[in-house]
Amino acid sequence: MSEPANSAEYSKQTTSLWMRTAETPLLEPLTEDLEVDVCVVGAGIAGLTTAYLLACEGKRVAVLERGPIGAGNTGRTTAHLSNEIDERYSSLERIRGREGARLAYDSHTAAIEQIGSIVRDERIECDYERIDGYLFLGRGHKESELDHELEAAHRAGFTTAEKLAVSPVPALNPGPCLRFPEQGQFHPLKYLIGLCRGILRRDGQIFTHSAAEEIVGGERPSVRMKNGKTVRAGAVVVATNSPITDRFAIHTKQAPYMSYVVGLQVPVGTIPRCLLWDTEDPYHYVRLQWVAGTDGGEPHEVLIVGGEDHKEGQADDGARRFEALEMWTRERFPGAGPVVERWSGMVLESMDGLAFIGPDPEGGANVYVATGDSGMGMTHGTIAGMLIRDLILGRENPWADLYDPRRKPVLAARDFLRENLNVGVQYASWIGPGEVKSVADIVAGSGALLRHGASKLAVYRDDAGQVHACSAACTHLGCPVAWNSTESTWDCTCHGSRFDRHGKVINGPANSDLQPLSPDDLKAIT
């Protein structure tokens with residue numbers, strides 16, 4: 001895991017609207033050994049919700065976070081709160097059956113209600129509101145897609161969903177669409193701040209800039225820190241988005257994708273307040289966020305539009321994708337003003353579109369995991385808190401089998417094979433040439449892969465021309481990394497690990513830095 005300076009550098013490089021408009025609390029690192037009932041690793045929505053709900057049950061909890069609060073993917077979401085499944089009920093019903101679809105609807109509905117309850121109980125000012133969501137046809141898509149989805153949603157229990165003959169947002173599509181009432185949205189970092197306050201008020205402890213080195217399961221599991229300190233607990237929850245405890249069990253069943261977001265300033269009240277999605281693949285997702293005026297400016301709304309997804313590390317054309325999102329938006333909302341936000345985030349797509357929540361298959365006894373957000377991180381993260389709370393307390397929970405990390409849905413085998421064949425292709429790329437023939441070919445401020453004998457190097461040339469070089473092998477399972485010019489990171493092309501431009505790890509499953517080049521080898525390539 002990275003040191004604080006690297007996390008801060010990465011956050012600055014990828015600032016989202018939420019990071020700009022919320023000041024997260026300044027909390028101290030862990031500097032001594034600790035004994036608690038539950039240790040949670042990761043301070044995104046899954047980790048903090050789990051810690052909060054267990055603290056409400058009287059458990060002594062400690063949260064460990066490698067960087068600042070919410071600096072991971074919770075700070076890069078667009079914060080749709082939806083019980084209309086990203087995978088779509090028509091697809092989920094095929095893979096997990098009608099009962100699975102029903103349980104998915106129940107759990108995501110309960111998650112939205114749980115967030116609302118916490119907002120009210122803790123008096124969190126995070127712009128939480130319930131609004132309608134609408135599913136529109138993409139260009140060239142048939143109306144029968146809407147009919148099939150509506151029928152499946154009704155069978156899952158979403159009986160208030162309805163088909164409208166005429167769209168209430170004709171800019172997207174003037175024809176038919178599906179309406180899903182009682183969806184929601186909020187400011188995710190302001191919500192996390194409220195969770196932190198609730199945890200601390202119940203004598204929980206939160207430590208930032210506190211990187212976990214190793215997690216050992218057992219009757220009394222432990223977390224060994226990078227600084228040598230140890231936390232012992234009755235249970236450990238790994239909520240690091242991509243789990244740092246697993247090598248194969250989960251990572252072969254989910255795939256990392258990058259998704260892009262633009263925000264355009266619009267006058268208040270000119271666009272209906274709702275959530276919008278289309279049926280394209282990758283699909284577009286749209287919402288509004290009110291922003292208070294600063295430095296004498298007028299309050300306004302930001303139209304937040306996301307999409308243009310691609311497999312992580314397998315494309316380096318972020319500028320083009322941002323431009324495509326802006327063009328798509330302006331075609332439909334010609335009155336939109338300037339682009340005021342641009343950011344990207346990682347989505348972990350599971351093989352069946354549902355998160356992996358429960359006992360960690362590789363973590364040992366009393367270690368739990370939450371991962372596989374599948375484009376629904378805010379509700380999946382909240383479900384994780386509710387489900388893991390019950391598992392730790394020994395309570396029955398009807399969702400346990402649905403989200404069990406050990407599951408292997410047979411009817412999702414095609415997706416499983418496709419993603420793992422893709423991984424095989426990435427490993428095969430080791431035998432190919434580098435992207436440049438020499439360090440001199442690398443433009444200042446950018447990075448590229450350079451072949452050096454039998455290996456490949458991840459070489460970054462800073463703005464002053466100084467060269468920084470590491471092995472290009474991800475420290476998780478040795479998959480090659482690729483340069484991400486949008487965020488100045490090295491991204492693993494297989495399982496979701498990410499490293500800053502100097503090779504310091506910032507996202508699991510890798511838990512150590514890229515191997516730096518020796519001074520002699522560095523001299524040899526320069």
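Where is His209 found? In this predicted model, His209 sits in the loop between β7 (205–207) and β8 (212–216). Let's start with that residue and then work through the backbone, the cores, a helix pair and a sheet.

**Backbone details**

His209 is a residue other than glycine with a positive phi, near 50°. Asp127 is not a glycine either, and its phi is positive too, at about 60°. Asp127 belongs to the loop between α4 and β4 (129–136).

| Cis peptide bond | Omega | Loop holding the proline |
|---|---|---|
| Asp281 to Pro282 | about 0° | between β12 (275–278) and β13 (285–291) |
| Gly508 to Pro509 | near 15° | between β24 (505–507) and α11 (519–525) |

In soluble globular proteins, nonpolar side chains tend to be buried together. Here the largest nonpolar core has 84 residues, and the members touching the most others are Leu48, Tyr89, Phe186, Tyr191 and Tyr403. Helix α4 (residues 89–122) is the main contributor to this core, giving 12 residues. Another core lies apart from it, with 24 residues that include Leu172, Ile271, Val286 and Val305.

Leaving aside residues up to four places away in sequence, the contacts of Tyr89 include Ala101, Tyr105, Ala152, Ala153, Ala156 and Phe158. Asn83, Glu84 and Glu149 are also touched by Tyr89.

**How α4 meets α8**

The axes of α4 and helix α8 (residues 377–393) lie 8 Å apart, and the helices pack at an angle of about 90°. Angles from 65 to 115 degrees count as roughly perpendicular, so that is how α4 and α8 stand to each other. From α4, the contact draws on Ser107, His108, Ala110, Ala111, Ile112, Gln114 and Ile115. α8 brings Met378, Thr379, His380, Thr382, Ile383, Met386 and Arg389. Sorted by class, this contact has 7 nonpolar, 6 polar and 1 charged residues.

**A three-stranded sheet**

Finally, 3 strands make an open antiparallel sheet, ordered β18-β19-β20. β18 (446–452) and β20 (467–471) are at the edges with a single partner strand each, so one side of each has no neighbour in the sheet. From one strand to the next, the twist averages 30°. Strand β19 (residues 455–461) pairs with β20 over 5 bridges in the antiparallel sense. Tyr460 has His468 of β20 as its bridge partner.

Key:
Residues numbered from 1 in each chain as written. Predicted model: local features only at pLDDT ≥ 70, side-chain atom pairs only at ≥ 80, totals over all residues. Heavy atoms only, no water. Core = buried A, V, L, I, M, F, W, Y, C linked by side-chain atoms within 4.5 Å. Buried < 20%, exposed > 50% of the residue type's maximum accessible area, 1.4 Å probe, protein only. Helix = DSSP H or I, 4+ residues; strand = E, 2+ residues; numbered from the N terminus. Contact = heavy atoms within 4.5 Å. Axes fitted to C-alpha atoms, helices over the stretch in contact; angles between N-to-C directions. Parallel < 35°, antiparallel > 145°, perpendicular 65-115°, else oblique. Nonpolar A, V, L, I, M, F, W, Y, C, P; charged D, E, K, R; others polar. Pairing = 2+ DSSP bridges.
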